[in-house]
Amino acid sequence: MAHFFDGLPTEERSTLHGFSGNRIDRRSENRDDDSVPVALADPGARLYLLRDDLAMMKHESAVNPLFTLAEAEAFGAARDAIVLLGWSDDGPRLAATLPAETPVDEDRIQLADLRSLAVAGEMAADDLGALAQARSLCYWNIRHRYCGVCGEETVMKAGGYRRECPSCGAPHFPRTDPVVIMLAIDTSGSEERCLLGRQERFPEGMYSCLAGFVEPGETIEDAVRRETAEEAGIALGRVSYHSSQPWPFPCSLMIGCHGEALTTDITRDEVELEDARWFPRDEARSILAGTHPGGIQCPPTIAIAHKLIRFWAEGH
Ligand SMILES: [Zn+2]
């Protein structure tokens, strides 16, 4: 007998993106205020370390981003700044971010930004996902040391998933900033086309989906329509959700959508975009394949933008 989930995709599309491989069991219902010291007392406890926004890894036969508490403390990690990510099969997993000026012996320790690590594909997907969690959670704690209500210094609670003000009692919770990223598709002509834009800061030849933050009081669909209208002057009708991607730069969740273009004349926001164009399917396919005759490129396969373009270009 047919049931509710028949016809929905069996493959969860979000699992195809970089930073989506986090397998840590967060046990969010058990985050007591002593959860960090209790976890650190476990002999299986290991920490992910960042120096500012760079992941730290040991030079070994394989990329190893896990450190013992003694190793973390030798770099200067303070116990009261360590956050608890959760548990792996091998024990608790914690994280700390060291100041940018922390000296490291680069013969022993490799430093890399998370995006480069994702693109290189050498790190295990679960470690890369855990590092994304570590980066976003540590960043929020570092940037929310003072109470937004009364200005008093706050205290970390619940393994870093809450900060509390000792003066006015206000609780503060980690932020995740929703960003819509969308591929507008023009179906009005004999051949479908997608809308890609280029920001000035992009590498030469790079075009991508449009994107922007969801604003307070806005639905995902309204944000997709608003951002597309603002950046390219294109009106969208129907919007369909495709997938999502944790994006630790520093605390975003990318929400990928396709949008049905109701108009086709592009009016570009000249501050946001250096160029915006329609690309027919065959051209989009050559961009994805890296064979575009004009040298136009799109983001790498780890990026949700790549998957949004591919999903449409391959005829779904
Ligand atoms: Zn306060």
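The structure is a predicted model, and every value below was computed from it.

The zinc ion has four cysteine donors, namely the SG atoms of Cys147, Cys150, Cys165 and Cys168, at 2.3 to 2.4 Å from the metal. The angles among these four donor atoms run from 98 to 116°, and the geometry of the site is tetrahedral. Along the chain, the donors are arranged with the spacing C-x2-C-x14-C-x2-C. Cys147 is buried because its relative accessible area, 5%, falls under 20%, while Cys168, at 39%, is partly exposed.

Strand β7 holds Val155, a residue with 38% relative accessibility that counts as partly exposed. Leaving aside residues up to four places away in sequence, Val155 is in contact with Arg162, Arg163, Glu164 and Pro166.

Turning to charged side chains, 18 salt bridges are found in the whole structure. One of them joins Arg145 to Glu153, with N and O 3.1 Å apart. Arg145 is partly exposed at 38% relative accessible area, and Glu153 is partly exposed with a value of 38%. A further salt bridge pairs Arg175 with Asp177, whose closest N and O atoms are 3.0 Å apart. Here the two partners fall into separate classes: Arg175 is partly exposed at 48% relative accessibility, but Asp177 is buried, since its 17% lies under the 20% limit. Asp177 belongs to strand β10 (residues 177-186). Beyond the residues up to four places away in sequence, Asp177 touches Phe213, Cys251, Ser252 and Leu253.

The side chains of Arg310 and Glu314 also meet in a salt bridge, at an N to O distance of 2.9 Å. Arg310 has 28% relative accessibility and is partly exposed; Glu314, with 47%, is partly exposed too. Elsewhere, salt bridges connect Glu215, Glu218, Arg226, Glu227 and Glu230 into a network.

Helix α7 deserves a paragraph of its own. This helix spans residues 304-313 and is largely enclosed by the rest of the structure, because eight of its ten residues are buried. The buried set consists of Ile304, Ala305, His306, Lys307, Leu308, Ile309, Trp312 and Ala313. Among the elements that cover these residues are the strands β10, β11 (193-198), β13 (236-247), β14 (252-261) and β15 (275-280), together with helix α6 (281-289). After α7 comes Gly315, which has a positive phi near 90°.

Some backbone details are also worth a look. The peptide bond from Phe249 to Pro250 is cis, and its omega is near 0°. Pro250 is placed in the loop between β13 and β14. Positive phi values also occur in residues other than glycine, including Phe19, where phi is near 75°, and Arg27, where phi is near 45°. Phe19 belongs to the segment before α1, as Arg27 does. Phe19 is buried, having a relative accessible area of 3%, whereas Arg27 is partly exposed at 34%.

The segment before α1 (35-40) also contains Phe5. Phe5 has 56% relative accessibility and counts as exposed, because this value is over 50%. Together with Phe4 and Leu8, Phe5 makes up a nonpolar patch on the surface, and the accessible area of the three residues together is about 390 Å².

Methods:
Residues numbered from 1 in each chain as written. Predicted model: local features only at pLDDT ≥ 70, side-chain atom pairs only at ≥ 80, totals over all residues. Heavy atoms only, no water. Patch = residues over 30% accessible without salt bridge, like charges linked within 9 Å, V, L, I, M, F, W, Y side chains within 5 Å. Areas by Shrake-Rupley, 256 points an atom, 1.4 Å probe, with all protein chains shown as cover. Salt bridge = Lys/Arg side-chain N within 4 Å of Asp/Glu carboxyl O. Helix = DSSP H or I, 4+ residues; strand = E, 2+ residues; numbered from the N terminus. Buried < 20%, exposed > 50% of the residue type's maximum accessible area, 1.4 Å probe, protein only. Donors = N, O, S within 2.8 Å, 3.2 Å for Na, K, Ca; no water. Tetrahedral: all angles 85-135°; square planar, octahedral: opposite > 155°, others 65-115°. Contact = heavy atoms within 4.5 Å.
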